[in-house]
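This report describes the pockets of one protein model and one packing arrangement between its helices. The sequence and structure are shown first.

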Amino acid sequence: MVDRAALAAFWPHNDAQRRHLLRISELWQEHGLVFASRVGTPLTANNVIRAFRLITKKAGLGEDWAPREMRHTFVSVLSANGVPVESIALLAGHDRTATTESVYRHEIRPALTQGAEVMDKIFG
């Protein structure tokens, strides 16, 4: 199933990428990528971080953010709102909940504590 919002965002991006390709055609290296460097090559971690920091700067958040912080925020918000660790692991793309629990232990703790408190009320 195609997400309509993602598809609506794709076409303008694709058009801009094609216009850019026409301007620099002799430098472009076709790899069939939707998101590519300015010359068509795969994005490196540095490319992504640099672009992300431009976005956070324009948004007035400063320049010292990294994409991994979005992931931590995502997990924290889900955990703080009682989403089970199994669901968080699935959404974060982890094969096992142990990965989610070890990497995001401080974010997951409120959900685990809440679960323990509920069990205490039931069986306490």
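In what follows, Ala, Val, Leu, Ile, Met, Phe, Trp, Tyr, Cys and Pro count as nonpolar, Asp, Glu, Lys and Arg as charged, and the others, Gly among them, as polar. The model is predicted: local features need pLDDT of at least 70, side-chain atom pairs count only at pLDDT 80 or more, and totals for chains, interfaces and linings use all residues. Residues are numbered from 1 along each chain as its sequence is written, and side-chain values use heavy atoms, with hydrogens and water left out.

A pocket is an open set of points on a 1 Å grid over the protein atoms alone, where a 1.4 Å probe fits, with protein on both sides within 12 Å along at least five of seven lines; its lining residues have an atom within 4 Å of a point. A volume is the space filled by probe spheres set on the points.

| Pocket | Volume | Lining composition |
|---|---|---|
| Largest | about 530 Å³ | seven nonpolar, five polar, three charged |

The largest pocket is lined by 15 residues, of which H13, A36, S37, R38 and L43 are the closest to its centre. Helix 1 gives the most to this lining, with five residues. In the second largest pocket, N14, Q17, R18, E30 and L33 are the closest to the centre among 13 lining residues.

Elsewhere, the axes of helix 3 (residues 68-80) and helix 4 (residues 85-92) come within 10 Å and cross at roughly 155 degrees. The two helices are therefore roughly antiparallel (over 145 degrees). In their contact (heavy atoms within 4.5 Å), R71, F74, V75, L78 and S79 of helix 3 meet I88, L91 and A92 of helix 4. These residues comprise six nonpolar, one polar and one charged.

How values were computed:
Axes are lines fitted to C-alpha atoms, for helices over the stretch in contact, and angles run from 0 to 180 degrees between N-to-C directions. Helices (H or I, at least four residues) and strands (E, at least two) are DSSP runs, numbered from the N terminus. Angles under 35 degrees count as roughly parallel, over 145 as roughly antiparallel, 65 to 115 as roughly perpendicular and the rest as oblique.
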